[in-house]
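Please keep the sequence and the structure in view while reading.

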Amino acid sequence: MTSISPLAAMAQQKASAQQTITHEGTETDNLFTRIGVRPIVNGRGTFTIISGSRSMPEVKQAMYDASFYFVHLDELMDAVGKELGQLTGAEWGIATTGCEAAIALATIACIAGTDPEKSQALPYIKARDQVIIPKHSRNPYDFGVRMTGVEIVEVNSAEQLRSKLSERTAMIYILSGPDAEQGPLSIPNICTMAMEKGVPVFVDAAAEEPLVPNIHIQHGASLVGYSGGKCMRGPQSSGMLIGQKDLCRAAYFQAAPHHNYGRAYKCSKEEVMGLLAAVRQWYKRDHAAEQQEWLSWLQYIERRVKRLPSVTTEYLQPEDLSNRSPRLRIKWDANVLKITGTELVTRLDAGTPRILVDGGTGTRPAHMASSITIMPYMMDPGEDHIIADAIYEGLTKPGHYEDPVIPTGAPAQVNGKWAIAIQYSRGVGEQHFVLEQSGETLTGRQQGELYKADLKGTIHANQLELHSNMTVSGNTIPWAFRGMVEGNTVSGTVSMGEYGDASWKATRV
């Protein structure tokens, strides 16, 4: 019996795999449909909830090739860090598990550096325990900062920023965008003030194009975070942190495979090499040609529908480097075409193939001016025809939609104080409402368990509807309460957008 060396066996395994691994499946029969999940034709963009971007062939190849080898991750990140720096014009870089991980690791690096004692004491003991965030930069993604346990110091002027800079300041976090490009709290101005005190500045540029030279580093930023799974079309769970070498290395020190505070942010060799392939390819791609192709797809969709009665169109251009692609907005009168924008969005989502577009407007019966918007950023050639056909059919063969039935009769009287119990999928929330009523119009105050909000709504007979947007740290929670009044109780359902639905019951106090 002839023995085969391990290296020869691995070579045979790779050769065999390369012969057998191919893309399989169709739109209606694939690995997702077989487990009951419907794939999407993406006319909406790089939203994480719909799995971000479509990775490039070079990324798939790199991840596939990387899977055949074992490497030492410290050595890998050192080599990749150097090349990411060279490619992006920064001192250094690291691959992360998304831009949110880059935010968290940057924060930890600025708190504890590479001091193992300070690392192990987190999150309970830290000398630098504050991060300053300008008010214009508060957003849902600054959770990456908050989750480290630091105190958020919000500032709204240059004077406030100067007064809050202290020995306790670990970092300044800025969300890149139009608001951060002008005024006293622009990125360049903030960086100048931070440099005077030796405080690092992190710029969240998740959805932006990583230009060279890097505009944020030129402005004085210490670190810049990007998503790998948006415009660069790398692995969806990848990100990139670039900037000052010692801080980038400290961020990696705090992450897996090291047993530090960021151990949860494990970046595999496949993700690291996939991200590197995406960054390499970014600087080779013909971006002008991509823009022209995206525009041509929108023009095809526009030509398909623009002669329909009441239809008008407009092109929306990006305001900055984020999601830099034109979009097409199609507008019409639902009184004429018999379908609203929200109804068309639902129809496209339920159709075969399933199509998602970037928002719809128009509701019955009071708001019949309708629209939908198409974002071509993550479309493939030919999908413009699929989307155009589906929209045309929806606008020309809408089917029948009824106006919502509004109960008649005297409105129930609900003014006063109410105790609210919300039954979540796990746990019960206790809130209080104070309602004021003028005929069928309701206003009031929502006192949550921790936060407050203003309520607005209506009551028709015994059918109640209340809405609020509750401001929380860096974000808002939308509430849409619907229920039936029965004497001194109200019960129904509440929708909270991305946070799901729940049942609720109110009892008059």
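**The barrel and the other sheets**

In the order 14-15-16-17-18-19-20-21, 8 strands close into a barrel with antiparallel pairing. Helices (H or I, at least four residues) and strands (E, at least two) are here DSSP runs, numbered from the N terminus, and two strands pair if DSSP finds at least two bridges between them. Strand 14 (residues 416-423) is joined to strand 21 (residues 501-508) by 6 bridges in the antiparallel sense. Within this pairing, Ile-422 has Trp-504 of strand 21 as its bridge partner.

The model is predicted: local features need pLDDT of at least 70, side-chain atom pairs count only at pLDDT 80 or more, and totals for chains, interfaces and linings use all residues. Residues are numbered from 1 along each chain as its sequence is written, and side-chain values use heavy atoms, with hydrogens and water left out.

A further sheet is open and contains 4 strands in the order 9-10-13-12, again with antiparallel pairing. Its edge strands, strand 9 (312-316) and strand 12 (360-363), each pair on one side only. Strand 12 and strand 13 (residues 367-374) run antiparallel and are joined by 3 bridges, and Thr-363 has His-367 in strand 13 as its bridge partner. Helix 12 (residues 287-305) packs on the sheet, where it touches strand 9, strand 10 (327-333) and strand 13. The direction of helix 12 makes about 15° with that of strand 10. Contact means heavy atoms within 4.5 Å.

**An enclosed strand**

Why is strand 2 (residues 92-96) largely enclosed by the rest of the structure? The reason is that 5 of its 5 residues are buried, where buried means under 20% relative accessible area, exposed over 50%, and partly exposed in between (1.4 Å probe, protein chains only). In a regular strand the side chains alternate between the two faces of the sheet. Trp-92, Ile-94 and Thr-96 point one way from strand 2, Gly-93 and Ala-95 point the other way, and all are buried. Strand 2 runs antiparallel to strand 8 (residues 239-243), to which 5 bridges join it; Trp-92 stands opposite Gly-243 of strand 8.

**The region around strand 1**

Ile-40 lies in strand 1 (residues 40-43) and is partly exposed, at a relative accessible area of 28%. Beyond its neighbours within four places in sequence, Ile-40 is in contact with Ile-50, Arg-354 and Leu-356. Ile-40 and Asp-349 are 309 residues apart in sequence, yet 8.3 Å apart in space, C-alpha to C-alpha.

Leu-31 is located in the loop between helix 1 (6-20) and strand 1. Leu-31 is exposed, with a relative accessible area of 56%.

**The chain as a whole**

The protein chain has 15 helices and 21 strands, and its C-alpha trace spans about 85 × 55 × 55 Å along its principal axes. Of its 509 residues, 46% are buried. Among contacts in the chain with a separation of 6 or more, 59% come from residues 24 or more positions apart.

Technical notes:
Axes fitted to C-alpha atoms, helices over the stretch in contact; angles between N-to-C directions.
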